[in-house]
Amino acid sequence: MNRRHFLFTLGTAGAAMAAPGPAGRLMARDAEASQEPLATMIDLTKCVGCGACVEACREAHQKDYPHPVKPFPTMYPSRVKVEDFSDKRDVDDRLTPYNWLFIQTAVVRKDGRDLTVNIPRRCMHCAHPPCAELCPWGAAAAFPDGAVRIDDSICLGGAKCRTVCPWHIPQRQTGVGLYLDLAPSFAGNGVMYKCDRCQARMATGEKPACIEVCPNAVQTIGPRSMIVAEAHALAGKIGGFLYGETENGGTNTIYVSPVPFAELDKAVAKGPGKPGLGQVPDVMGEQANLATTVLWAPVAGVAAGLLRLLGRGKAQKPDTGSAARTENDHD
């Protein structure tokens, strides 16, 4: 068994252990039929930056957004900082716990003229996701349909997933989640949030909201081998370039651009919640992380099970924090 096959098998088993009930068997119809994960192709020649996908994502995930309890517990050590977007829910020019998709814009030179390229950004849904393989609590998992999802019912907000993600995609909201009931001053600092590729919609055979609503058919979803072939064909037709096919060992988000991604990377604004488009290392291809995964996976699976039991116990108790959550809910 080669290393890639081993990691895929390990990741699939970990997802099955970590996923609750029917979600553990989640598999979109196309993925099930093709026996391979689904991927999306994003054609950057078509995106006009209208923002319809951003709004559709927000609408589809209103019920998934956090409702933090304030004031926040004091964290120890003090280097653990509060991350609070609850009063900035309208921010849409970066990734936040309330904005899982945004549009980056780059102005580059092509054929002697300025060219504006709009780039929908969200989770890359890696084929071998370090966020899932290295999460100490098993809260993140890779699913057979090709999506990578975080279980907010057991995430403790330690942000390991963001640290190991080459694009630092997941975003944290303090004052929400299981850590409040375990050890609010020491156990994590909230919950991590990111695109789940519309898990609820995919489970019923619908397309992700961002894909369905786009007026220009910027995104195409299908079995990964088909999507990669289409991406290469499109790139050949326009003299374009691919991103995501091999980055971080391969992702299930494939961009096609009319200009090199190195140029786009230079032109986009980067920083917290604003990922770049540069070359990234194959995180799970590094021997040290491979060894960590092998040793830690069983522990993470057990931890996920225990945290779920704690979460279910919490759900059966009276909700004494509902008033505080309502007070701070400004949706």
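Where in the chain is the place of glycine 278?

Glycine 278 sits in a loop. That loop runs between helix H10 (261-267) and helix H11 (287-316). The model is predicted.

Setting aside residues up to four places away in sequence, glycine 278 touches Tyr243 and Asp265. The C-alpha atoms of glycine 278 and tyrosine 243 are 9.1 Å apart in space. Along the sequence, 35 residues separate glycine 278 from tyrosine 243.

Aspartate 265 also takes part in a salt bridge, with lysine 270 as partner. The closest N and O atoms of lysine 270 and aspartate 265 are 3.9 Å apart. Aspartate 265 counts as buried because its relative accessibility is 17%, under the 20% cut-off. Lysine 270 is partly exposed, with a relative accessible area of 45%.

## The chain as a whole

The chain has 331 residues, of which 51% count as buried. It contains twelve helices and ten strands.

How much of the contact total, at a separation of 6 or more, comes from residues 24 or more positions apart? The share is 70%.

## Salt bridges

How many salt bridges does the structure hold? There are ten. One of the pairs is lysine 70 with aspartate 87, whose closest N and O atoms are 3.2 Å apart. Lysine 70 and aspartate 87 both lie in the loop between H3 and strand S2 (102-110), so the pair ties together parts that are 17 residues apart in sequence. Lysine 70 is partly exposed, at 24% relative accessible area. Aspartate 87 is exposed, at 56%. Lys70 and Asp87 also belong to a salt-bridge network that includes Asp84.

Another pair is arginine 149 with aspartate 145. Here the closest N and O atoms are 2.9 Å apart. Is this pair buried or exposed? Arginine 149 is buried, and aspartate 145 is buried too.

## A negative surface patch

Which residues form the negative surface patch? They are Glu55, Glu59, Asp90, Asp92 and Asp93. Glutamate 55 lies in helix H3, which covers residues 52-60. Its relative accessible area is 47%, so glutamate 55 is partly exposed.

Cysteine 50 is in the loop between strand S1 (38-43) and H3. Cysteine 50 counts as partly exposed, at 49% relative accessibility. Along the chain, cysteine 50 and cysteine 214 are 164 residues apart. Their C-alpha atoms are separated by 8.9 Å.

Asparagine 252 is in the loop between strand S9 (241-243) and strand S10 (253-257). Is asparagine 252 buried or exposed? With a relative accessibility of 3%, asparagine 252 counts as buried. Leaving aside neighbours within four places in sequence, the contacts of asparagine 252 include Pro37, Leu38, Ala39 and Thr40. Met124, His125, Cys126 and Ala127 are also among them. Further contacts of asparagine 252 are Gly146, Arg197 and Arg224.

## Backbone exceptions

Most residues other than glycine have a negative phi, and most peptide bonds are trans. Several places in this model depart from that pattern, as follows.

Lysine 70 and proline 71 are joined by a cis peptide bond, with omega about 0 degrees. Proline 71 is in the loop between H3 and S2. Lysine 70 is the residue that also bridges to aspartate 87.

Cysteine 198 has a positive phi, near 50 degrees, and is not a glycine. Its place is in the loop between strand S7 (191-193) and helix H7 (199-203). Cysteine 198 is buried, with a relative accessible area of 7%.

Asparagine 248 has a positive phi of about 50 degrees, again in a residue that is not a glycine. Asparagine 248 is in the loop between S9 and S10. Why does asparagine 248 count as buried? Its relative accessible area is 1%, and buried means under 20%.

Note on methods. Residues are numbered from 1 along each chain as its sequence is written. This is a predicted model: local features need pLDDT of at least 70, side-chain atom pairs count only at pLDDT 80 or more; totals for chains, interfaces and linings use all residues. Side-chain values use heavy atoms; hydrogens and water are left out. Patches are made of residues with over 30% relative accessible area and no salt bridge: like charges are joined within 9 Å, nonpolar side chains (Val, Leu, Ile, Met, Phe, Trp, Tyr) within 5 Å. Accessible areas come from the Shrake-Rupley method with a 1.4 Å probe; for residues, only the protein chains shown count as cover. A salt bridge is a side-chain nitrogen of Lys or Arg within 4 Å of a carboxyl oxygen of Asp or Glu. Lys and Arg count as positive and Asp and Glu as negative; His and the chain ends are not counted. The place of a charge is taken as NZ of Lys, CZ of Arg, CG of Asp or CD of Glu. Helices (H or I, at least four residues) and strands (E, at least two) are DSSP runs, numbered from the N terminus. Buried means under 20% relative accessible area, exposed over 50%, partly exposed in between (1.4 Å probe, protein chains only). Contact means heavy atoms within 4.5 Å.
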